[in-house]
Each structure stands twice: as C-alpha cells, then as structure tokens.
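Q: Could you walk me through this structure? I am new to it, so please spell out the terms.

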Amino acid sequence: MSVSPRFRFAIWLNLSFICFAALVGIVRHLSETHGIDIFVISFWRNIFSVTVFLPWLFRTGLPAVRTIHHGRLLFRATLMVVSSTSIFFASVLLPLAEATALTFTTPLFTIILAAVFLAERVSTQQVVAITIGLLGVAVILRPGGAVFSIHALWPLLSAATFAGVVVVSKTLTQRMTPEAIGFWLAAYMTPISFVPALVFWQWPTSIQFAWFVVLGIAASLNMYFITRALRLGNASATAVWDFVRLPWVAAVGLIFFAQQPDLWMWVGATIIFLAVFWTTASDARRAAQ
C-alpha cells in the first residue's frame with residue numbers, strides 16, 4: 001500500500017516534534033538537576049550531533065557532503081545556534097508547555113519570510129488556520145499567566161530565528177540530501193557555540209556525558225526529520241503543523257517535571273488541533289480537484 005506524500009509529511013513532522021520534546025526535557029533536567037550552564041549544554045549538544053553523523057559519513061565518504069553552499073549553511077547554523085540557545089533558556093526559566101506555546105509565533109515569521117524569499121503562495125485556508133491556532137495559543141497564555149515576563153523574550157527570539165532556519169532549509173533541500181544538510185548544520189554549530197561555552201566551562205561527569213549523547217541524538221534527529229518533511233511540503237505548511245508540538249512537550253513536562261497544564265491549556269490545544277486538521281483537509285480536497 002502506497003503512502004501519500006501528505007501523510008509522510010505529517011509523519012516526519014511528528015517525529016521531529018517528539019525529538020524536540022525530548023530535547024527540551026533533557027535540557028531542563030541537566031540545568032535543574034546537574035547545574036550545567038545553558039551555553040555549555042548547547043556546545044556539548046552540538047558535539048554529539050556531529051558524532052551522530054560520523055557512521056554515515058564513514059560509510060558514504062566525503063563526496064556525500066561536498067557542497068558549494070557553505071555561506072548559506074553557515075548562516076543557517078548561526079541562526080540555529082541563536083534559536084536553540086534561546087529555547088534552552090526558555091525551557092529552564094518557563095514551564096515547558098508555556099515556553100513551547102510562545103514559539104508558536106514562528107508561523108508568523110515563517111510565512112512572511114517564505115513569501116518574501118521563496119515566493120511561496122500562502123493559501124487562505126492556511127492564513128485562517130494560523131489565525132485560529134494563535135487564538136488557541138492566546139487561550140493558553142491568557143492575560144495574567146506566569147509566562148508574561150521578561151523571560152518570554154527567549155522563546156520569541158527562538159521563534160524568529162528558527163523561522164529563518166526553516167526558510168533557508170527549504171532553499172537547500174533541492175540541492176543537498178537531508179543527511180548532508182544535517183551534518184553541516186552540526187559541524188558549523190559546534191565551533192560557533194564553543195565561544196560562549198568557554199566563559200562558563202565545566203567538564204561533565206560520566207552520567208552527564210551520557211545525557212549529552214542522548215541530547216545530541218535527539219537534536220540531530222529533530223532537524224533531520226524536519227528536513228525530510230520539507231522535501232515533501234512547503235515552509236508555510238510546516239508552520240501550520242508546528243502547533244502540534246505542544247501536546248508532545250506538555251506530556252514531557254507532566255511526566256518528568258510534574259508540570260500539569262490546567263484546563264485552559266487543553267482548551268487551547270483543542271482549538272489548535274482543529275485548526276491544523278481543518279487546513280489539512282482543505283488542502284487535500286483542493287489537491288484532489
């Protein structure tokens with residue numbers, strides 16, 4: 001039985017969301033329980049992200065990663081360092097679900113950037129779905145919530161820079177394989193993140209070292225799955241589906257950190273789900289016509 005591109009697109013994105021939820025959970029654990037600085041966590045995350053790709057690189061050889069797009073790859077890696085470090089700070093300073101909900105401003109940035117730099121057409125259904133989704137986010141972050149503080153700037157910064165990552169990724173997916181794109185992302189992020197890590201340097205224990213390995217794997221798979229999805233759908237469609245990250249992250253916060261979302265969190269999440277499924281069904285009907 002053949003699997004439609006739309007279904008595979010959704011599967012790849014949901015796999016990336018699971019990896020993202022694991023990633024922010026590990027970061028909070030390393031910071032809260034082990035007292036490791038965020039910049040140091042970011043550096044070791046990148047070290048082990050590179051390591052994840054080494055078996056593949058040894059098997060395929062250097063020709064698999066040869067490219068003329070190093071300027072674009074370096075720019076993408078710089079944006080990703082800022083985005084990942086910002087969401088790490090947000091994951092420690094805010095409840096995980098609320099921090100993730102604030103990054104749902106990413107679709108606004110992504111749609112603007114995709115329209116300007118990729119000339120992508122944004123459908124009316126996507127605009128309506130994103131508007132409804134943002135209303136769901138507003139329900140979750142109702143006025144007076146704990147996230148309305150200076151700390152809320154971290155996930156907003158992460159959202160803006162990650163939108164740039166998504167758009168640059170789309171310009172590379174037709175020129176390079178997902179494996180090569182992921183390898184160069186990790187390779188460039190490592191030296192960029194090493195500079196601030198030196199200021200707060202601390203050597204990990206064996207247990208912390210093992211956590212860093214898992215963190216690197218989750219981070220690499222997160223970006224790999226996103227890249228695979230972008231080969232099947234455009235950047236603005238990715239923006240709409242991005243809302244589905246919330247239930248995965250909320251589950252990690254509940255199970256591992258006893259962060260129990262209240263009723264309004266689930267009301268907002270339901271609104272978001274309805275928006276996502278509505279636009280997906282509308283796009284499918286339009287494609288079948």
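A: A salt bridge here is a side-chain nitrogen of Lys or Arg within 4 Å of a carboxyl oxygen of Asp or Glu. The side chains of Arg 28 and Glu 32 meet that rule, with N to O at 3.0 Å. This is a predicted model, where local features need pLDDT of at least 70 and side-chain atom pairs count only at pLDDT 80 or more, while totals for chains, interfaces and linings use all residues. Residues are numbered from 1 along each chain as its sequence is written, and side-chain values use heavy atoms, with hydrogens and water left out.

Q: How many salt bridges does a search of the whole structure find?
A: The search finds 1 salt bridge.

Q: How far apart in helix α1 are Arg 28 and Glu 32?
A: They are 4 residues apart, so about one helical turn separates them. Helices are DSSP runs of H or I with at least four residues, strands are runs of E with at least two, and numbering starts at the N terminus.

Q: Is Arg 28 buried or exposed?
A: Arg 28 is buried, with a relative accessible area of 10%. Glu 32 is partly exposed at 46%. Buried means under 20% relative accessible area, exposed over 50%, and partly exposed in between (1.4 Å probe, protein chains only).

Q: What about the core? Which residues have the most contacts inside the largest one?
A: Val 27, Ile 41, Phe 212, Leu 215, Leu 246 and Ile 272 do, in a nonpolar core of 54 residues. Such a core is a set of buried Ala, Val, Leu, Ile, Met, Phe, Trp, Tyr and Cys residues joined through side-chain atoms within 4.5 Å. Helix α1 gives the largest share, 13 residues. A second, separate core has 25 residues, including Val 81 and Ile 226.

Q: What does Ile 41 touch?
A: Leaving out residues up to four places away in sequence, Ile 41 touches Val 27, Leu 30, Ser 31, Ile 36, Phe 88, Phe 212 and Leu 215. Contact means heavy atoms within 4.5 Å.

Q: And Asn 222, buried or exposed?
A: Asn 222 counts as buried, at 6% relative accessibility. It lies in helix α9. Beyond its neighbours within four places in sequence, Asn 222 is in contact with Ser 16, Cys 19 and Phe 20.

Q: Changing topic: how many aromatic pairs are there?
A: The count comes to 20. Rings of Phe, Tyr and Trp (its six-membered ring) pair if their centres lie within 6.5 Å; planes under 30 degrees apart count as stacked, over 60 as edge-to-face and the rest as tilted. The pair of Phe 89 and Trp 154 is stacked, because the ring centres are 4.5 Å apart and the planes are at 20°. Phe 89 is in helix α3 and Trp 154 in helix α7, 65 residues apart.

Q: How exposed are those two?
A: Phe 89 counts as buried at 17%, and Trp 154 as partly exposed at 30%.

Q: Which residues do ring pairs link into a cluster?
A: The cluster holds Phe 43, Trp 44, Phe 48, Phe 194, Trp 201, Trp 203, Phe 209 and Phe 212.

Q: Last one: where is Ala 258?
A: Ala 258 sits in the loop between α11 (245–257) and α12 (263–288). Its phi is near 55°, a positive value in a residue other than glycine. Most residues other than glycine have a negative phi. Ala 258 counts as exposed, at 66% relative accessibility.
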